[in-house]
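Me: I have a new structure to look at and would like to go through it step by step. Could you show it and start with the terms?

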Amino acid sequence: MRALKKEVVIIGGGPAGLEAADSLNKLGHAVTILEKEGKPGGKLSNWHKLFPDNVSADGILKQMVHKISGDIQLITNVKITKISREGTKHSVWFNEGKCIQAEAVLVAVGFDLFNASLKEEYGYGIYDNVITSAELESMFTGQKSLATVTGKTPERIAFIHCVGSRDEKVGFRHCSSMCCVTGVKQAIEIKKRLPAAEVMMFYMDLRMHGRFYEDLYLEAQEKHHIQFIRGRLSESSENPDGSLLLKADDTLAGSPIKVKADLMVLLLGFVPTDFHRKMGEEFGVEIGSDGFFSPCDAHLDTNSVKTNGIFVAGACTGAKSLEYTLADARSASLKIHEFLLQTTSANILN
Amino acid sequence: MKFNLFVLPFTIGLLVLFSILTAKYIRWFLSLSTDQRDAVIKNFFTLKTLSGLREIFLESLLHRNISRKNRLLGYMHMSLAFGWFLLIIVGHFESYSYFKTALEPPYIPIFLRYFQQDSLADPLQVIYWFVMDLILLFVLSGVALAWYKRHNRKHFGMKKTTRHLPADRIALSVLWFIFPLRLLAESITSAIYGGGSFLTSGLGSLLENNIASDLSFIASWWAYSISLGLFFVFLPFSRYMHIPTELVLIMLRNWGATKYTGKIDGITQFEVHSCSSCGICLDSCQLLELGHANIQSPYLFRNFRGNKLSDTVVQNCLMCGRCETTCVVGIKTNSVRRAIRQNSDVEVNHDYLRHVDTSFNSSPDVLYFAGCMTHLTPGIKKSMQAIFKAAKINYALVDEDQNICCGRPMMLSGLAEQSLAMVNKNKELFENSGAQTLVTSCPICYKVFRDEYNLNIEVLHHTQYIDRLMKEGKLALAKSEEQVVYHDPCELGRNSGVYDEPRRVIAALANLSESPANREKAWCCGGSIANAMLTSLEKKELAISALGKIVPKNTMTLVTACPLCKKTFASTGKHINIVDIAELVAVNLSAGKDKRRIWMFEKIESASI
Ligand code: SF4
Ligand code: SF4
Ligand code: SF4
């Protein structure tokens, strides 16, 4: 096996990148991870607990990072400037003139959370008590306190679904598929911490498609008395005391409603990163109508793209739960392994 | 009596033309509103009539407006129109000098060389011959250019020209034949009977030996007469109807009778029939970028004339007004489209209005009407509130809770009558307040409050109001080194004429650069409420393309003055800060405290990965 040792560069040190690095390493390849932040983990590092079973995100991440040692090289604070190809060799350029060469490149750049300021009518960045689902997680992990801006314990909390998803007006038609369950998980967490609080969810329809997700929904209603209001928020405004007035259409009751809330949480959608656009424009990697990478075959080969030697894994091909992200990363590792074996035998024949 | 059968096609054509024109114009005059008719009567015997005639001379004959767009194109139109006009006028003088009567049948001056074949001893005749040849040459040069333009429109400053209907094409071909046929007839006459000047006698001597004969002589006059007659008969059914109609429109405009009444009336008819389908306005229409190439004003007018309107042609328009500012005839394209869109069949439920309370328990000096769109961009509303507070103004926000739309979105989509209930309720609200000034953040509201509400309260857009507060020294502001570019919103700039106040405010706060397409040439952001036909993807495409054209390379911040522009540009996801003037001012007032939330992007991104 060792004789086959080939260089693989993984762009992105989130869950997909870490998992693929471990698998490829075990398959005998020399792996380098390029991570843009100061430490690996991606979005997982900012999360508190994971749905549906409430395990600690930190615990999972520790186990993953633990496997990245020994042969696997991890370079952090990377800003990639260019990728070029000569024959079968790929050169990845980063941080002003540094370059690393590889036989195969795995792109595992994940996703961005929708920039909530673009949905200006919801008031994010304008009204102080409008926060995002990511900011709520950091309140759970204790980085911030679970309170309004003035330090008050919120009595009424509203969650807004589909912010930056299923909304052509902001340019994203796709369902991010993970925010419904994230919202329900977060609502339950709030009720556990603040049992007296009133929690409302404004949703279009609930997409609780994963295993045990429906159980979570049932628990939210029966055990925690979380209110589910079917209707899209149309706009919000700020009362003089800093609380918010939400205007929505209750599509089940068929009438417009106005609700007061102390805190409003926006469940942000998953959107493609700048890296997606640039890989598309400058390297010809195919991009779908949602802006995420389109692999060669949506069923039979979800990890290769048309450009030879470039592979994709994880949420950069569309929103995925952690479970599916990791499975996809392992699948990509096998694809890359097969590819590297093929190029080796081709070389021997030549 | 001087007569020959060949004059019949011309004479009959002329009679048909006059009967049709008279019938049509009388019908349209009768459908003028009382106000419009009163304006005609009141201004008929005033200097306005003279200034109308002057405009007719400058525009319909000399085509000054077209020359401003492109010299060559202007010359082409002038040589055809003014040249033909001169042929007729000088022809009359010449005829008078021979026959000493002004009461000749109208065909005499037209076919004068036929009826006056002999050379007279009069030295004046030689001069007339020379002048008439010169004018004919002038007209022929226009015909040659028109023919050349069909194949080389780029030289005439046009990217696109209109696609013409069969009737238009026939009329056009006939028109192209008229003057060469006149040249032929006069040259053959000269070859046989002598006379003529450098052109006709020159060509005549070339034709003398082979072509000129008794048969070709009479045949050429027949051909010339038939071409004229045919053209006259086709004129009312083709785009050439614009020639006589434009004259009437110019007079009506000078008499102040063209005020928009909200429905299809005589003025609409005169405007629609004044469009020559010249196509000069086409290049200004952004919808061409999306491949919508059959909805532009000339097509709308043409389909209206032919009673062939489709929903797409009527509705798929941004009402941005870009074509209106380029129209060389000055047709109010937006008003015409609005009139055509008017649809009284749709019913609208206004039940909620009954519950709106229009009483006031405070007595504000200034009313702030944020507008529906501004409620979707609360950053603007919050900034305006901060500005009122900083300037210590006694104001009231009138549409916070029970907001009623200003009505313009409905008006633009053809539901003007149905929007009246809202208009009246808003008026009641404004008038009950006792305030002297009404400020709004939305140019759409501004335009309708100012131009259609007939309020006895002063109406200002917030850019104008901030400009005033700054002049009065009520705001403590400091200039920064921020580099910004300003985008003129369609409704504020082109459609309301507010250009300078926003620029003054911005220039006092930041380094203002101008984009090449500014003021009345500004691009539409694509988000127009007047177009319900475009998909969100198409709107986004327009916005991205407009941004690309507006924002200079070294600039990261685009300042606008319309909540809709702001939202539309922001939703492109481009790395550019999109900021309203009110926000620019509020950030400055807070000494940059809230800057982060508005300025999302700090430096210009490099293009590489
Ligand atoms: S998962 Fe739920 S909240 Fe997220 S986009 Fe889909 S429907 Fe909306
Ligand atoms: S108003 Fe604007 S969109 Fe409509 S036809 Fe004219 S230029 Fe085109
Ligand atoms: S609307 Fe005006 S510019 Fe456009 S084709 Fe008609 S006459 Fe020409």
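Reply: Buried means under 20% relative accessible area, exposed over 50%, and partly exposed in between, using a 1.4 Å probe and protein chains only. The model is predicted: local features need pLDDT of at least 70 and side-chain atom pairs count only at pLDDT 80 or more, whereas totals for chains, interfaces and linings use all residues. Residues are numbered from 1 along each chain as its sequence is written, chains are lettered from A and ligands numbered from 1 in the order in which they are written, and side-chain values use heavy atoms, with hydrogens and water left out.

Me: Are A:Lys185 and A:Glu137 buried or exposed?
Reply: Both are buried. Their side chains form a salt bridge of 2.6 Å, N to O; that term requires a side-chain nitrogen of Lys or Arg within 4 Å of a carboxyl oxygen of Asp or Glu. A:Lys185 lies in helix H4 (residues 179-193) and A:Glu137 in helix H3 (residues 133-140) of chain A, so the pair ties together parts 48 residues apart in sequence. Helices (H or I, at least four residues) and strands (E, at least two) are DSSP runs, numbered from the N terminus.

Me: How many salt bridges does the structure hold over all chains?
Reply: There are 46.

Me: Which residue of chain A pairs with B:Lys566?
Reply: The partner is A:Glu120, with the closest N and O atoms 2.7 Å apart. B:Lys566 lies in helix H26 (residues 563-570) of chain B, and A:Glu120 in the loop between strand S10 (112-113) and strand S11 (130-132) of chain A, so the pair joins two chains. B:Lys566 is buried at 6% relative accessible area, and A:Glu120 is buried at 7%.

Me: Changing topic, which residues touch the most other members of the largest nonpolar core?
Reply: They are B:Phe430, B:Phe449, B:Ile466 and B:Phe569, in a core of 103 residues. Such a core is a set of buried Ala, Val, Leu, Ile, Met, Phe, Trp, Tyr and Cys residues joined through side-chain atoms within 4.5 Å.

Me: Where does this core lie?
Reply: Domain 2 (351-467) and domain 3 (477-608) of chain B both give residues to this core, so it lies between them. The domain bounds come from an automatic or database domain assignment.

Me: And what classes of residue form the shell around ligand 3?
Reply: The shell has eight nonpolar, three polar and no charged residues. Ala, Val, Leu, Ile, Met, Phe, Trp, Tyr, Cys and Pro count as nonpolar, Asp, Glu, Lys and Arg as charged, and the others, Gly among them, as polar.
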